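Visitor: I have a model open and a list of labels for it. Could you tell me where the labels come from?

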Amino acid sequence: MSERKTRRQAQAALAAAAAAVNGNNDPVATITDTTDIPPDGPTERIFLFWPNLIGYFRIVLAIASLYYMPLHPRTCSLLYSISCLLDALDGYAARYFNQSTRFGAVLDMVTDRCTTSCLLVFLSSAFPRWAIVFQGLISLDFASHYIHMYATLAMGGSAESHKNVDKSRSWLLNLYYTNRTVLFVTCALNELFFIALYLLSFSSPLLSPQLLRTVGESKAAAIEGGAQVNSSIISQLFTNPYSAAALEMARANKMDSTWPWILAGISAPVMVVKNILNIVQLVKASKWLAEGDVQARRAAALKREIEGGKKGV
């Protein structure tokens, strides 16, 4: 009896896993007949699937970019960009090797949320006047995806993917999640805008006035008299002005801001669209949950009426 129950549980688990989708909305092959599959068969090493290994490498690159973020803008931008671009490669690997898993989809989404949030935290410190804007973007991103994921699980079931958005619920979200080109371009340009803003914090005196340091009238007079006045901010941060960190910061402060401004201008509209999508996702998911609450309350009220009628009889 226990063996039969175990077999049934294994069949139910396999049937639920068959409906899982990967990070690019590709359904896993459906298993229709599990009677010939032994309950104690070989266990696959999900954590060592190629898409998940790429996901771990993305995390390593993201952590390395955060390490270099305060003083090494070029290195940080390179590592961060590679980590973001690998987001498309893990989806391709999942389809190529037929290794689409729910763990991989969640790992992919969590990595995206955390890396973007860490960059926005740095931008909040780099541009304190606009900190509330970056804090709002972080909150919107987390709230939108969390409520959307929760609504999908609560209303659609555990086997439903958060990327399966019906057109009747939102054609805009349906286009965003089901069209791989739209998804990649939107996410890539959204990240590009924040990377460009990060580079501008090192290169644009317009956005970062601290890059321009005046010496004052008395020191200017001393300079005219032949005295050497060290007004460099580097000497105030580093004991050795010729250290690797000091030299990197000196180069960073001499970065040309032309390309970062161009990249920011190109990607800014897409960044706005991406956050509008987050708002739409938040609203639609909230409404979906509310619809489920209404149905649950109606069912509970009907059950109470039936039970009350039986007691009356």
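Guide: We will take the labels one by one and set each value against its cut-off. Keep in mind that this is a predicted model.

Visitor: What makes up the protein, from the N terminus on?

Guide: The elements run α-α-α-α-α-α-α-α-α-α-α. That is 11 helices and zero strands. Of the 313 residues, 36% count as buried. Among contacts between residues at least 6 apart in sequence, 73% join residues at least 24 apart.

Visitor: Why is helix 3 called roughly antiparallel to helix 7?

Guide: Look at the angle. Helix 3 (residues 73–96) and helix 7 (residues 180–203) pack at about 170°. Their axes are 10 Å apart. Angles over 145 degrees count as roughly antiparallel. Therefore helix 3 is roughly antiparallel to helix 7.

Visitor: Which residues make that contact?

Guide: On helix 3 they include Pro 73, Cys 76, Tyr 80, Cys 84, Leu 85 and Arg 95. On helix 7 they include Arg 180, Phe 184, Glu 191, Ile 195 and Phe 202. The contact residues of the two helices divide into 11 nonpolar, two polar and three charged.

Visitor: How do you know what span to expect for helix 2?

Guide: Count 1.5 Å for each residue, with one residue less than the total. Helix 2 (residues 50–68) has 19 residues, and 27 Å is expected. Helix 5 (residues 131–156) has 26 residues. Helix 5 reaches 37 Å, close to the 38 Å expected.

Visitor: Which residues of helix 2 are buried, and what do they pack against?

Guide: The buried ones are Pro 51, Asn 52, Ile 54, Gly 55, Arg 58, Leu 61, Ala 62 and Ser 65. They pack against helix 3 and helix 4 (102–126). An α-helix has 3.6 residues a turn, so residues three or four places apart point the same way.

Visitor: What about helix 5: which residues are buried there?

Guide: Among them are Phe 134, Leu 137, Ile 138, Asp 141, His 145, His 148 and Met 149. Helix 5 is followed by Gly 157, whose phi is positive, near 100°.

Visitor: Where is Asn 98, and why does it count as exposed?

Guide: Asn 98 is in the loop between helix 3 and helix 4. Exposed means over 50% relative accessible area. Asn 98 has 59%, so it counts as exposed. Asn 98 also has a positive phi of about 55°, although it is not a glycine.

Visitor: Why is His 162 called buried?

Guide: Buried means under 20%. The relative accessibility of His 162 is 10%, so it counts as buried. His 162 is in the loop between helix 5 and helix 6 (171–178). Leaving aside neighbours within four places in sequence, His 162 is in contact with Met 109, His 148, Met 149, Thr 152 and Tyr 177.

Visitor: What makes Phe 127 buried?

Guide: Its relative accessible area is 6%, and the cut-off is under 20%, so Phe 127 is buried. Phe 127 is in the loop between helix 4 and helix 5. Residues touching Phe 127 include Phe 134, Leu 197 and Leu 207. Phe 127 and Leu 207 are 80 residues apart in sequence and 7.7 Å apart in space, C-alpha to C-alpha.

Visitor: Why is the pair of Tyr 96 and Phe 97 called edge-to-face?

Guide: Ring centres within 6.5 Å make a pair, and planes over 60 degrees apart make it edge-to-face. The count comes to 11 aromatic pairs. The rings of Tyr 96 and Phe 97 have centres 5.0 Å apart and planes at 85°, so this pair is edge-to-face. Tyr 96 is exposed, at 59% relative accessible area. Phe 97, at 39%, is partly exposed.

Notes:
Residues are numbered from 1 along each chain as its sequence is written. This is a predicted model: local features need pLDDT of at least 70, side-chain atom pairs count only at pLDDT 80 or more; totals for chains, interfaces and linings use all residues. Side-chain values use heavy atoms; hydrogens and water are left out. Axes are lines fitted to C-alpha atoms, for helices over the stretch in contact, and angles run from 0 to 180 degrees between N-to-C directions. Helices (H or I, at least four residues) and strands (E, at least two) are DSSP runs, numbered from the N terminus. Angles under 35 degrees count as roughly parallel, over 145 as roughly antiparallel, 65 to 115 as roughly perpendicular and the rest as oblique. Contact means heavy atoms within 4.5 Å. Ala, Val, Leu, Ile, Met, Phe, Trp, Tyr, Cys and Pro count as nonpolar, Asp, Glu, Lys and Arg as charged, and the others, Gly among them, as polar. Buried means under 20% relative accessible area, exposed over 50%, partly exposed in between (1.4 Å probe, protein chains only). Rings of Phe, Tyr and Trp (its six-membered ring) pair if their centres lie within 6.5 Å; planes under 30 degrees apart count as stacked, over 60 as edge-to-face and the rest as tilted.
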